[in-house]
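Welcome, and thanks for taking a look at this one with me. Below are a few points to read alongside the structure.

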Amino acid sequence: MKKFVNDPKQYVPEMLKGLALANPDTLTYVPEYNLIMRKDAPNENKVSVIQGSGSGHEPAHVMVVGKGMLDGACPGDVFAAPPMDYVYETTKLLNSPKGVLLLVNNYTGDRMAFDMAQEMSLADGVNVRTLFIDDDVAVQDSTYTVGRRGVAGNFFVIKAIGAAAEAGADLDELVRIGEKVNSVTRTMGLALTACIPPAKGAPLFELGDDEIEIGVGIHGEPGRRRAKIAPSDELVDILLEPVVADLPFASGDRVALMVNGLGGTPISELYIAYGHAHEALAAKGIEVVRSYVGEYCTSLDMAGASVTLVKLDDEIERLLDAPAEIGYRVF
């Protein structure tokens, strides 16, 4: 294993320390809870928006803490849900008179940690709600979750809620917006290679030199099937067809299209994939009006990509277009 790693046990704390040092004017690092938070949070005039989940998916979620996005993120270790007390203490630190909204990708460990933290926070008198994100169409149940998984589509939920929170929306309104965006967001990914977690030092699963995992999860969970490698256009079609069919998306729809790298795919290849996806959607009468190409939700150094579609309306477009200020500039 060749990586910029010291002690694998310190992988996450050292990453978070580096992130905070690179953004001293905007971010605060609270090492006791793996917490990255806005320097100006909490703000009594807005709901605090918090996300968690495991590390290893960066820039999700600690690298999108900032104005118009998240107020804080408290990740667990690599591919591990944050401990309940991290979420509970983060909720207390970021408590605002307008309340706290916890965003949770739909994985069993994350649901348990955030549900328990919400229960304890409510007992303390905190006005807190929880919203679950489950955009992955690949599988209904997996190693890590009951129900669909939350993957790259979570960024659209974060962006829309973050924009509305910055504008002063109340907690009920943010939940409505988040549920709306989640309901029209669909994602599917595939892996060309496995990733190598620092603590393991070896690939998380085995793929033959000519094999791909279709519908892979962002923790390396099995997907729908394995297949042989094929030209890029065919791979994009494999991802796009079930995404389009699931909502379903239809002729006349206006959409946001994201081609998300899983950590080890060159940006040039992502644009090759995007080009075909855009043209394939146009052939179906689906108009791409917002485009996102790059790494948004990764799986360490896994080579592969996911495709996300969001069905747009005037409200969602307006929220996606709202300004955001983060150290890692994705939006």
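At what angle do helix 5 and helix 8 pack, and how far apart are their axes? Please keep in mind as you read that this is a predicted model.

1. Let me start with that question. Helix 5, which covers residues 171-183, packs with helix 8 at an angle of about 105°, and their axes are 11 Å apart. An angle from 65 to 115 degrees counts as roughly perpendicular, so helix 5 and helix 8 are roughly perpendicular to each other.

2. Next, have a look at the residues in this contact. Helix 5 brings Glu-173, Arg-176, Ile-177, Lys-180 and Val-181, and these meet Glu-315, Ile-316 and Leu-319 of helix 8.

3. The side chain of Glu-317 meets that of Arg-254 in one of them, at 3.0 Å from N to O. This pair links distant parts of the chain: Glu-317 sits in helix 8 (residues 314-321) and Arg-254 in strand 11 (residues 254-261), 63 residues apart. Is Glu-317 buried or exposed? Glu-317 is buried, with a relative accessible area of 9%, while Arg-254 counts as partly exposed at 32%.

4. Another salt bridge joins Arg-290 and Asp-321, whose closest N and O atoms are 2.6 Å apart. Arg-290 belongs to strand 12 (residues 287-294) and Asp-321 to helix 8, so this pair ties together parts that are 31 residues apart in sequence. Arg-290 is buried, at 19% relative accessible area; the cut-off for buried is under 20%. Asp-321 counts as partly exposed, at 45% relative accessibility.

5. Now for a salt bridge between Glu-166 and Arg-38, whose side chains meet at 3.0 Å, N to O. Glu-166 lies in helix 4 (residues 154-166) and Arg-38 in strand 2 (residues 35-38), so the pair ties together parts that are 128 residues apart in sequence. Arg-38 is buried, with a relative accessible area of 4%, whereas Glu-166 counts as partly exposed at 28% relative accessibility.

6. Which residues do shared partners join into one network with Arg-38 and Glu-166? Asp-40, Lys-46 and Asp-71 are joined with them through salt bridges that share partners.

Technical notes. Residues numbered from 1 in each chain as written. Predicted model: local features only at pLDDT ≥ 70, side-chain atom pairs only at ≥ 80, totals over all residues. Heavy atoms only, no water. Salt bridge = Lys/Arg side-chain N within 4 Å of Asp/Glu carboxyl O. Helix = DSSP H or I, 4+ residues; strand = E, 2+ residues; numbered from the N terminus. Buried < 20%, exposed > 50% of the residue type's maximum accessible area, 1.4 Å probe, protein only. Axes fitted to C-alpha atoms, helices over the stretch in contact; angles between N-to-C directions. Parallel < 35°, antiparallel > 145°, perpendicular 65-115°, else oblique. Contact = heavy atoms within 4.5 Å.
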